[in-house]
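Let's walk through this structure together, from the overall make-up of a chain down to a single residue. Please keep the model open as you read.

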Amino acid sequence: MRITRRKFLPKVAVSAERQEQPQMGAKHAATSLLLGAVLLCAGPLAAQTVKVGFMSTFSGPGAAQGDQLDKGAKLYLKLNGGKLPQGVKVDVISRDDTGANPDVAKRIAQELIVRDKVQLLTGFVWTPNAAAIAPLTAEAKVPYISMNAAGVNIVNMSPYMARVSFTLWQSVYPLGQWAAKKFKRAYTAVSDFAPGHESEEAFIKGFKDGGGTIIDSVRIPLANPDFVPYIQRVKDAKPDVLFAFNPAGKQATAMMKAYADLGLDKAGIKYIGPGDLTTDEELQGMGDAAIGVMTVHHYSAAADRPANKAFVAAYKKEYGEKLNPGFMAVGAWDAMDLVFHVIRAQNGKLNPDKTMELIKQYKNPNSPRGPIAIDPETRDIIQNEYLREVRKVGGQLANVEIETVATQLKDPWKEFNKKK
Amino acid sequence: MDVFLSSLVSVAFHGIAFGMILYVISVGLSVTMGLMGFVNLAHGAFAMAGGYVLTSAISRFGLSFPLALALAFIAVAAASVLLERWLYSRLYDAGELEQVLFTIGLIFVAVAAAQVTFGMLQRPVLLPDYLKGQISVLGRDFPAYRVFLIAVSGAMIAALWFGVERTLWGAMVRAAVDNRAMAQSIGINTRRLFTLTFALGSGLAGLGGALGAEIIAIQPTYPFEHLPYFLIVVAVGGLGSLRGPFAAALLIGVSDTACKYWLPQFGAFFIYVATIFLLLWRPAGLFGRRV
């Protein structure tokens, strides 16, 4: 019934809602019912529009990452935006969060909920932004689907939050276990920020669970122009393997260059890390220093699954032959698929609790990254993790998948920290 | 003992190399700010421009590395002449605050322009084979590129020092900076002199950005991100001196590397603590002249 109100008399409806603020209480429903009853006989059924708020970074230093979300989401809308029940339309409203900026994130989410009346929220590259809007999603009962924000605890912060991207534990814990089979002594070097700490913890647990020894750990400041002193220290400590995590792009590249410059590869020290180190979009800019780096991740543009080949081809057709989609573009693509799934299943009439039920049941055997599902218990992603190595394929650097190290893996951190 | 000695050699080498990187990316500022007294916070924009010239020249037009370096210097110097004539020269007599605001504004423009033209991702530097890998000296391996950087920086400081201290042009610059009116009255064309000196400083910034690009990646936020380093080198070295920034870059490079190697927990803030104490000890910088 609320739907009829929306399409027939938007102006009246808006003013009615303005008085009520975000809560969609009984009074609101009654008003809608009344308006609906009055207007039901007013004319033929017009389009049923579902508004979706999409929040990403379009300006500032994080715009490169935000652009990935935008490209993935837009590509999905272009190719699959029409696959909706008759009379249902989706209106995606984009907002700029300007970077890892919780205050702005909260403000734009509030505007989207109160002013634009969105029924679903999605987006966000950055964990602090997703964390900032958690209370809003619960208060206003507007479900949020994380396209990227990977802080392990995000989905625990509100019953209306779910995630299609990944957690660092998901890639790094299996990496640690795999590494323990090949190497005995590991050195960890991570950037000194929350994801760095998270990956350090996950790797150490995985590596120790597999029987390996950690000989030393170092945390490197985020604003660090030269990695050579740290890497020289690693070289002198003579580990078998170096586990690294830095923000993708110039930091990760600088550390790999220091590793190559000091000849750690010749000293028999292997360089490993989560796939965030060698993202598909940054990889070409990293140069030959990245060759031989081994990572575990849920997505590689070089993967030869048919669904991925189709996705990469569509992406290149849309945005240019030189541009590879990265895991963030895939996160956005899959999030949009989930958005469309819940809209189709409810015929465009979204109920927040029904939406959450549908999200929890979501399964997609044909994501570009392989089969994925949402864990009904945690609302977090379940996916495969692949071991990859950076190699030169046809003159281009690529993350070549070697083996699947974990199949349909739930977030290990939540498994280890289950309430008993 | 042997292990300690070996790590000492490593730290000394890497420290000097890092110092040289700091020096090459800051040397242009020591000319415009140190010599001409213009607070050019947009220095990093010129360095970034040099980096983009280098990477584009190599990857798009297939120039050799040394040619691309020369082009970075020439292109940035030439572009800066236009900027100097149109914009900078109007602010020579303005206060420091105006200069700071103006040049910060320029940074914003440069960042946005770079983002539109080159995108947000970093640009790869395609080094020639002879600068890749390691050079073995006395049984120890040193990264070839860093050896090259040390040599180039050494040559740069020598040439600059000779130019400013031993040539007529240097004497005119020093005279014009000390007392512009007097310099003009004895027939020095200070306007042309400043344009040329500014072009030299900007060209050096471009060259520095290009030389350092392999280690300090070129991407649009470069001018903001590395501004603290440029300023630290020039401030600790002291304004109005050319040796100062060189000594400061070496001192900071070596001590920062040593601290990161032996005490990595404190690596994050050592450089700033050192700067504070050095400036408390000598407010005008190591070789600064009190004006």
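Predicted model: local features only at pLDDT ≥ 70, side-chain atom pairs only at ≥ 80, totals over all residues.

Residues are numbered from 1 along each chain as its sequence is written, and chains are lettered from A and ligands numbered from 1 in the order in which they are written.

Let's begin with chain A as a whole. Chain A holds 15 helices and 14 strands, where helices (H or I, at least four residues) and strands (E, at least two) are DSSP runs numbered from the N terminus. Of the 420 residues in chain A, 55% are buried; a residue is buried if 20 or more other C-beta atoms lie within 10 Å of its own, exposed if 12 or fewer, and partly exposed in between, with C-beta atoms placed from the backbone. Among the contacts in chain A with a separation of 6 or more, 70% join residues 24 or more positions apart. Two residues are in contact if their C-beta atoms, placed from the backbone, lie within 7 Å.

How is chain A divided into domains? Domain 1 covers 47-166 + 325-379, and domain 2 covers 168-297 + 383-416; these bounds come from an automatic or database domain assignment. Taken over C-alpha atoms, the centres of the two domains of chain A are separated by 29 Å. Their contact takes 15 residues from domain 1 and 18 residues from domain 2. On the domain 1 side, strand 12 (residues 370-374) of chain A gives the most, with three residues.

Now look at two helix pairs. Helix 5 (residues 102-114) and helix 6 (residues 127-140) of chain A pack at an angle of about 30 degrees, with axes 8 Å apart. Axes are lines fitted to C-alpha atoms, for helices over the stretch in contact, and angles run from 0 to 180 degrees between N-to-C directions. Helix 5 and helix 6 of chain A are therefore roughly parallel (angles under 35 degrees count as roughly parallel, over 145 as roughly antiparallel, 65 to 115 as roughly perpendicular and the rest as oblique). Residues meeting here include A:Ala105 and A:Ile113 from helix 5, and A:Ala132 and A:Leu136 from helix 6. The residues of this contact divide into 10 nonpolar, two polar and one charged; Ala, Val, Leu, Ile, Met, Phe, Trp, Tyr, Cys and Pro count as nonpolar, Asp, Glu, Lys and Arg as charged, and the others, Gly among them, as polar.

The axes of helix 4 and helix 12 (residues 306-319) of chain A come within 11 Å and cross at roughly 100 degrees, so these two helices are roughly perpendicular to each other. A:Lys71, A:Leu75 and A:Leu79 in helix 4 meet A:Ala314, A:Tyr315, A:Glu318 and A:Tyr319 in helix 12.

Next comes the contact between the chains, with 28 residues from chain A and 26 residues from chain B. Helix 9 of chain A gives the most to the chain A side, with six residues. By class, that side has 12 nonpolar, seven polar and nine charged residues.

Finally, visit B:Ser10 in helix 1 (residues 2-35) of chain B. B:Ser10 is buried, because 22 other C-beta atoms lie within 10 Å. The C-alpha atoms of B:Ser10 and B:Tyr261 are separated by 9.6 Å, although these residues are 251 residues apart along the chain.
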